[in-house]
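The sequence and the structure come before the description.

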Amino acid sequence: MAIERTLSIIKPDGVAKNIIGEVYSRFEKAGLRVVAARMLQLTRAQAETFYGVHRERPFFRPLVEFMISGPVMAQVLEGEDAIARNREVMGATNPKDAKPGTIRADFAKTVDENVVHGSDGVETARNEIAFFFPQTDICARSR
Ligand code: GDP
């Protein structure tokens, strides 16, 4: 196992539900450390770029509208196997398929508004982290 970093977003529905602390608690209990964080309101251009891989999908427009509907909380998580571990903690994309005890099973109702985003691979994580955070904003957790 390797120490990895991954990009996590609490989406506008999660921020609106006021469960930032609850979600962070799930990360921390899973051994993931927050090494950078910021709240921001995505612009349409940012949301379209971030989800550019889905541009041709039928859900792309509603996804962009949703992602700009309110502020998001973006964070870099660090830990052993952080990419896969975060996705375990998040649960399946569709909350109806998510295992009990996962963030999406507990807090999301539909695939359109599923509370959290998490990078799905090493390369994606690197690009998504750089999308939100300059290297100087990521803190080494030295103690
Ligand atoms: P994730 O990595 O689990 O977030 O899933 P994807 O990267 O495949 O999709 C990005 C986001 O698009 C998901 O989190 C959903 O919010 C949305 N999405 C994905 N698939 C569907 C779908 O089939 N229908 C709808 N309405 N939204 C979807």
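Predicted model: local features only at pLDDT ≥ 70, side-chain atom pairs only at ≥ 80, totals over all residues.

Residues are numbered from 1 along each chain as its sequence is written, and side-chain values use heavy atoms, with hydrogens and water left out.

The ligand is surrounded by residues that include K11, Y51, F59, R104 and N114, where near means that a heavy atom of the residue lies within 4 Å. The polar contacts in the table are pairs of N or O atoms within 3.5 Å.

| Side chain | Ligand atom | Distance |
|---|---|---|
| H54 | oxygen | 3.2 Å |
| R87 | oxygen | 3.0 Å |
| D112 | nitrogen | 3.2 Å |

Of the 550 Å² of accessible area that the ligand has on its own, the protein covers 76% (Shrake-Rupley method, 1.4 Å probe).

The ligand takes up the space of the largest pocket (more than half of its atoms lie within 2 Å of the grid points). A pocket is an open set of points on a 1 Å grid over the protein atoms alone, where a 1.4 Å probe fits, with protein on both sides within 12 Å along at least five of seven lines, and lining residues have an atom within 4 Å of a point. The largest pocket has a volume of about 590 Å³ and is lined by 24 residues, of which Y51, H54, F59, L63 and T93 lie nearest its centre.

The second largest pocket has a volume of about 190 Å³, and its lining includes E4, R5, I83 and F133.

Conventions:
Polar contact = N/O pair within 3.5 Å; in protein donor to acceptor, adjacent residues only side chain to side chain. Points joined across faces, edges and corners; volume = space filled by probe spheres on them.
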